[in-house]
Amino acid sequence: MTAPVPLIAGNWKMNGLAASLEEACAVAAGMDAGPARVALCPPATLVERMSRVLVGTPVLVGGQDARAEENGAFTGDVSAGMLADAGASLVILGHSERREGYGETDALVSRKVQAALGAGLEPIVCVGETLAQRQAGEALSLVTKQVRGSLPQDLAGQAFSVAYEPVWAIGTGLTPTTAEIQEMHRAIRATLNEMFGAAADVAPILYGGSVKPSNAAEILHADEVGGALVGGASLKADDFLAIIRAI
Ligand code: PGA
């Protein structure tokens with residue numbers, strides 16, 4: 001099996017003004033030559049400016065969502081091609097805040113992934129169960145179903161990652177046990193192999209949900225954890241750098 005190159009991606013969500021670009025520059029300036037690829041996903045308004053200030057650094061820039069259509073009468077939305085045009089090379093798709101807040105289904109996420117690939121963006125596809133689903137013993141079946149439904153066959157041979165983000169762990173300070181994370185990541189790996197064969201071995205499976213400097217090393221060293229999708233702790237360069245260094 002070919003080991004995936006780890007990815008540590010920061011999701012700024014709806015946070016960040018022009019002044020916040022200093023944090024992005026501090027991440028780039030503080031990075032050592034570690035094993036991980038590093039990305040920051042600012043709000044759409046900052047994608048172009050962040051891409052400009054990070055030119056020549058190893059930090060990649062990503063979007064947080066993209067419309068499945070290329071263009072048209074979709075007021076307020078941004079397409080994958082627009083993000084790529086602004087300098088993004090990755091895009092987060094199917095985040096639980098989009099699934100819950102905007103009713104995004106697996107089928108829609110799958111179309112968005114196809115659009116991202118068409119625009120040359122590397123998708124980070126998010127999946128994860130709610131607390132009620134975990135307590136009902138449905139986490140594994142639900143998440144593997146999300147993986148099957150959200151990843152189109154077009155991904156075969158393409159660069160992508162899956163982010164396992166339990167909804168109840170996002171922004172709460174709660175995290176699953178290392179054993180629970182490993183169990184889920186192994187199940188996702190098995191599903192990817194069923195769908196795409198051994199070629200999918202290079203796709204990292206990220207963990208997301210309350211990753212911080214104090215728990216990053218334990219989570220990142222768990223079996224089949226190929227990086228992290230970091231929300232709150234990616235807003236401060238020092239915290240994000242500590243997570244990058246924990247890999
Ligand atoms: P958090 O968010 O690190 O603030 O929990 C993670 C995410 O939603 O990607």
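Start with helix H2, which covers residues 44-53. Its buried residues are Leu46, Val47, Met50 and Ser51. Looking down the axis of H2, these buried residues fall within an arc of 140°, so they line one face of the helix. An α-helix has 3.6 residues a turn, so residues three or four places apart point the same way. The other side of H2 has Thr45 and Arg52, and both are exposed. Keep in mind that this is a predicted model.

What do the buried residues of H2 pack against? Two helices take part: H1 (21-30) and H3 (80-85). So do two strands, S2 (37-41) and S3 (59-63).

Next, take a single residue. Ser96 lies in helix H4, which spans residues 96-102. Is Ser96 buried or exposed? The cut-off for buried is under 20% relative accessible area. Ser96 has 10% relative accessibility, so it counts as buried. Which residues does Ser96 touch, leaving out those up to four places away in sequence? They are Gly101, Val167 and Ile170. Look at Ile170 again. Ser96 and Ile170 are 74 residues apart in sequence, yet their C-alpha atoms are 9.0 Å apart in space.

Contacts across the sequence can also be counted for the whole protein. Take the contacts between residues at least 6 apart in sequence. Of these, 73% join residues at least 24 apart.

Now step back to the whole fold. The protein has ten helices and eight strands. Its radius of gyration is 17 Å, close to the 18 Å that the globule rule gives for 247 residues, so the protein is as compact as a globular protein of that length. Along the principal axes, the C-alpha atoms fill a box of roughly 45 × 45 × 35 Å. Of the 247 residues, 53% are buried.

The protein exposes about 10,600 Å². Carbon and sulfur atoms supply 53% of that area. There are 17 positive and 27 negative side chains. The centres of these two sets lie 2 Å apart.

Note on methods
Residues numbered from 1 in each chain as written. Predicted model: local features only at pLDDT ≥ 70, side-chain atom pairs only at ≥ 80, totals over all residues. Heavy atoms only, no water. Helix = DSSP H or I, 4+ residues; strand = E, 2+ residues; numbered from the N terminus. Rg over C-alpha atoms; globule rule 2.2 N^0.38 Å. Buried < 20%, exposed > 50% of the residue type's maximum accessible area, 1.4 Å probe, protein only. Contact = heavy atoms within 4.5 Å. Areas by Shrake-Rupley, 256 points an atom, 1.4 Å probe, with all protein chains shown as cover. Lys, Arg positive; Asp, Glu negative; His and termini not counted. Charge placed at Lys NZ, Arg CZ, Asp CG, Glu CD. Arc of directions from axis to C-beta.
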